[in-house]
Amino acid sequence: MINLELELRSDIIAKCREMNAIGLNQGTSGNISARLGDRMLITPSSIPYDEMEPSMIASMPVHEEYGSWEGPLRPSSEWRFHLDILRERPDVSATIHAHPPYCTALAVSRKSIPACHYMVAVFGGNTIRCADYATFGTKELSSAALAALEDRSACLLANHGSIATGSSIAKAMWLAVELETIARQYFCSLLIGGPIVLSDEQIADTVAGIEKYSRPDNTECKETRAA
């Protein structure tokens, strides 16, 4: 196993343990995948994360025989939406699926998250959608997830949990944590009468601001950070 692949396998396991440690997930539920060239590395099914070793991570071709895999253990039962996301979204290199308490509370109520906080914009639009319900591990669930992820980096899965994607495992984990944070804030706001939802224009202004301050060659950005 070359160093890059070993590092990625190890990072997948580390992030699995991290999401359980911070309360983003519980037990052996949830799963993580990452793109490695023309293959997908994904956590195996039903193995406690504390017992997982790099060699246990399953490998699947992204564009060749659909559903084929290599490894000593069968890939996660949710391999379909992980694989389909990589096939349909070249901008995605990692996917984190978990069952966070607040995301799942909204998902079992089949509530999408509106623009209750300006950080909703980092997910690609003015909502974080809740996908239609489908049985776990099915092609129908994968199709529902892909629809909810259109032009978005994350979604809720009805009566199930959440999905966060990113250009790296670190970015996907950051978004998964941010998603649960916003879900908690939205949940709490519903208890006291509901949020004042930001307008499309306000979210567009936020997106423009994020793009401006993320450009490394932006002079104003550098000056602001220096201050």
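How many of the ten residues of helix α2 are buried?

## Helix α2 and its cover

Seven of them are, so to speak, tucked away, and α2 (residues 79–88) counts as mostly covered. Keep in mind that this is a predicted model. The buried set is made up of W79, F81, H82, L83, D84, I85 and L86.

## How α2 meets α4

Two packed helices are described by the angle between their axes and the distance between the axes. For α2 and helix α4 (residues 139–148), the axes come within 9 Å and cross at roughly 45 degrees. With that angle, α2 is oblique to α4. As for the hand of it, α2 passes α4 in a right-handed crossing.

Who does the touching? On the α2 side the contact residues are R80, F81, D84, I85 and E88, and on the α4 side they are K139, L141, S142, A145 and L146. Sorted by class, this contact has five nonpolar, one polar and four charged residues.

An α-helix has 3.6 residues a turn, so residues three or four places apart point the same way.

## How α3 meets α5

Now for another helix pair. Helix α3 (residues 101–108) packs against helix α5 (residues 169–191) at an angle of about 60 degrees, and their axes are 7 Å apart. This makes α3 oblique to α5. Their crossing is left-handed, while the one between α2 and α4 is right-handed.

From α3, the residues in the contact are P101, Y102, C103, A105 and L106. They meet L179, E180, A183, R184, Y186, F187 and L190 of α5. By class, that comes to ten nonpolar, two charged and no polar residues. E180 and R184 are both on the α5 side.

## Cysteines without a bond

Finally, the sulfurs. There are zero disulfides in the structure. Take C116: its closest cysteine sulfur is in C188, but the two are 11 Å apart, which is too far for a bond. Looked at from the other end, C188 is in no disulfide either, and the sulfur of C116 is the nearest cysteine sulfur to it. C188 itself is partly exposed, because its relative accessible area is 37%.

Notes: Residues numbered from 1 in each chain as written. Predicted model: local features only at pLDDT ≥ 70, side-chain atom pairs only at ≥ 80, totals over all residues. Heavy atoms only, no water. Disulfide = S-S within 2.5 Å. Buried < 20%, exposed > 50% of the residue type's maximum accessible area, 1.4 Å probe, protein only. Axes fitted to C-alpha atoms, helices over the stretch in contact; angles between N-to-C directions. Helix = DSSP H or I, 4+ residues; strand = E, 2+ residues; numbered from the N terminus. Parallel < 35°, antiparallel > 145°, perpendicular 65-115°, else oblique. Left-handed = near helix turned anticlockwise from the far one by under 90°. Contact = heavy atoms within 4.5 Å. Nonpolar A, V, L, I, M, F, W, Y, C, P; charged D, E, K, R; others polar.
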